[in-house]
Amino acid sequence: MISEDAPVNTDAVVWPEEASAQATVRKMQTKLHCWAAGDPGRRFDDLYNLVCDPAFLVMAWKRVAGNAGARTPGVDRATVAWIASRIGVEGFLQYVRDHLRARTFQPVEVRQVEIPKPSGKLRKLGIPTVTDRVVQAALKLVLEPIFEADFQPCSYGFRPNRRAQDAIAEIHHFTTKRYQWVLEADIEACFDMIDHVALMDRVRARIGDKRVLGLVKAFLKAGVMTTIGTHEATHTGTPQGGILSPLLANVALSALDDHFIRAWEQQMATEPQRQRRKRHGQANYRLVRYADDFVVLVTGQREHAERLRQEVTTVLAPMGLRLSPEKTQVVHIDDGFDFLGFNIRRMRKRGSNKWFVYTRPSKKAIASIKSRVKTMTYRSTLHKEPGYLMDYLGRVLRGWANYFRHGVSKATFSAIDSYAWERITAWLRKKHRIGWPELRRRFCLPGTWRLAVDGTRFKGAASVTVIRYRYRGYRIPTPWTPAAPTG
C-alpha cells in the first residue's frame, strides 16, 4: 500500500524508455524460455533480481496501466491515474523497487467484488492494489516464459498466442475424426479451491529462488477484504482478478494436461496404436482445456467416457479440486454440447446424406447479446441521442460477432441484427413520437428500411464477414520460440 508522501530513494535509477524496456524484457524472456525448453529438469535461481529490474517494472506498469481495470482501485483506493498524477510513474516504480530490494514488500488483501454470472449466481473477484498488480505483472513476466516451456499443447486459456478459437478448432478436428463421445467437464470453484501446498510444489519444480517463491506464496496468502468490510484469510485458491492468478491456475491444472498427454504420447500417438486399441475394445481420447473448462473427446462407447470421469477426478484430487456435478456430463456429438460460447454438434447437411460437425453461437450466447441490446433500448435510455445509440450498439454487435465469425454464424448474425432493428425502431418511435413513414424518412437510407443517422448506416453483426478458422495444430509457437531458419 502506498501513500502520497511515500519516501523516494535519492539513489534513483535511470528508468528506461518503453521501447528499450520492451526489447530488454523480450530478450531476457527468450533466454529463460530457451533454457527451460532445453533442460526440462532445470530449476531457476536468482530470478528475484529480474523482478526488481527497472525494465521489467516499466513493462509491468505498462501492462497494469493499459488494463481495463486501471480505473478500479484496491483496498487503498488508489487508481493508476491517481498514482501517475500525485506521485509520478518513476517515483512510484522507484518506491516499489526499493521495497522489493529491501525485502520489505508485503502484499495487502484484495478487495472483493461480486459480479453476476449467467446462471444467476455471483462470481467473486479479488481486486489487488495497483502496487500489488505491478509486482504481480513483473513476476508474471519472469515466470511465464519458464512455465510455457512445460505447458502442454492441449491447453489454450490465458496463454500467449492462444485463444478460444484454437480450442474450438481442435475440438472440430477431432470430432470430425470419429471422436463421438464427449466428457464435458467443469471444475467446481477452481480459482477458490486450488491447494496451496500442491501448487507451490509444482512451482518449486522449476523455481529455486526462495525470494521469488516467498513472493508467490505471499500473494496466495494475502487474504480478502469482503464486500462487508471484514478480513478473510486465504487458505486455498488464487483470487480471480489478479494478474498472476491465471498463470498459477494453469500451473496447477497442468497436472491434468500432463496426465492426458502422457497417455496420448505413450499409447495413442500413432495411427497403428490407435487402431490396435480399437481392435482390443479400448478407447482413444484427447483432452482440450481452456482454463477450468475442458472436454475429453473419446472414441468407443459411452462407458469409456464415463470411466474417464473417475480418472479425471483422481488426477484433480491432489490439487484440492473436484468436478462440478451439475456441469459435468457425457454427451454424444450428435446431441451437441456448449463450450466457450459455441454449440458444437454433428448434423446432416441439408439436402444430402453427408454429416458434418457444425460450430455456431450457443443459445446462451445469443440470449446474452439480445439482453444487451434490450438493455440499451429501454425507455430509461430515451435521453440518449440516436447517433450515440446506433454507434454504441453497432460496436457491441460487431465485437460479439468478431468472436463468433469463425463458426456457422451468418444466419445468426442476420437474426441478431433483425432483433436490434426492431428494438431500435421501437426506441426511435417512442423517443420522437413518430409513425413509420416519418421514421423511414428521418432514420433510414433513401428508399430502404436500413437504419442510418446523418447518412451513416447502422452496421451490426451481419456486417462482420464469416470466415473459417484455420486449425493451427498442436504446436503453436510462443512469443519466445526462435524463428525457424529460412532459405
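**View 1. Q112 in strand β1 of the predicted model.** Q112 belongs to strand β1 (residues 110–116); strands (E, at least two residues) and helices (H or I, at least four) are DSSP runs, numbered from the N terminus. The relative accessible area of Q112 is 12%, so this residue is buried (buried is under 20%, exposed over 50%, partly exposed in between, with a 1.4 Å probe and protein chains only). Apart from residues up to four places away in sequence, Q112 touches K124, L125, V224, M225, T226 and T227, where contact means heavy atoms within 4.5 Å. The model is predicted: local features need pLDDT of at least 70, side-chain atom pairs count only at pLDDT 80 or more, and totals for chains, interfaces and linings use all residues. Residues are numbered from 1 along each chain as its sequence is written, and side-chain values use heavy atoms, with hydrogens and water left out.

**View 2. S254 in helix α11.** Helix α11 (residues 245–268) contains S254. S254 has 7% relative accessibility and therefore counts as buried. Leaving aside neighbours within four places in sequence, S254 is in contact with F151, R202 and R289.

**View 3. Helices α3 and α6.** The axes of α3 (residues 54–66) and α6 (residues 130–148) come within 8 Å and cross at roughly 120 degrees; axes are lines fitted to C-alpha atoms, for helices over the stretch in contact, and angles run from 0 to 180 degrees between N-to-C directions. α3 is therefore oblique to α6 (under 35 degrees is roughly parallel, over 145 roughly antiparallel, 65 to 115 roughly perpendicular, and the rest oblique). Residues of α3, including F56, L57 and W61, meet residues of α6, among them V134, A137 and L141.
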